[in-house]
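Please open the model in your viewer and keep the sequence at hand. The stops below can be selected one after another.

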Amino acid sequence: MNLKQCVWIGVMALGFGIAGGTARVAASPAQEQHEQDYSKNKNYQQGMRDGKDDFAHNRDHFRKRNFKVADDQKAYEAGYQSSHHK
């Protein structure tokens, strides 16, 4: 009886693992569609410069810049993250 239960639990765990992996893969393309191209944005470029400088000096977000417009802040952070973690 115990062997039968162990096999059943293993099959269920494998099924949940496959189903969870499929759900994550299905969600990924939807997230990519919402990302904006900030490459021409001056705040993105500033974030790139700050990120490269921090990376070169082994610092973690040395300058804290705040912008009044949320989209400007997002552009800066996108630039910073893309350059700092390379």
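Helices here are DSSP runs of H or I with at least four residues, numbered from the N terminus.

This is a predicted model, in which local features need pLDDT of at least 70 and side-chain atom pairs count only at pLDDT 80 or more, while totals for chains, interfaces and linings use all residues. Residues are numbered from 1 along each chain as its sequence is written, and side-chain values use heavy atoms, with hydrogens and water left out.

Next, go to N41, which caps the N-terminal end of α2 by placing a side-chain oxygen 2.7 Å from the backbone nitrogen of N43. Just after α2, select N58, where phi is positive, at about 55°.

Within α2, which covers residues 42-56, pick out D54. D54 is buried, with a relative accessible area of 1%, where buried means under 20% and exposed over 50%, with partly exposed in between (1.4 Å probe, protein chains only). Other buried residues in α2 include N43, Y44 and G47. Show the side chains of D54 and Y80, which are joined by a polar contact of 2.7 Å, that is, a pair of N or O atoms within 3.5 Å; within protein, one must be able to donate a hydrogen and the other to accept it, and residues adjacent in sequence count only if both atoms are side-chain atoms.

Finally, select K74 in helix α3, residues 70-84. K74 is exposed, with a relative accessible area of 52%, and the C-alpha atoms of K74 and N43, 31 residues apart along the chain, are separated by 8.7 Å.

Key:
Helices (H or I, at least four residues) and strands (E, at least two) are DSSP runs, numbered from the N terminus.
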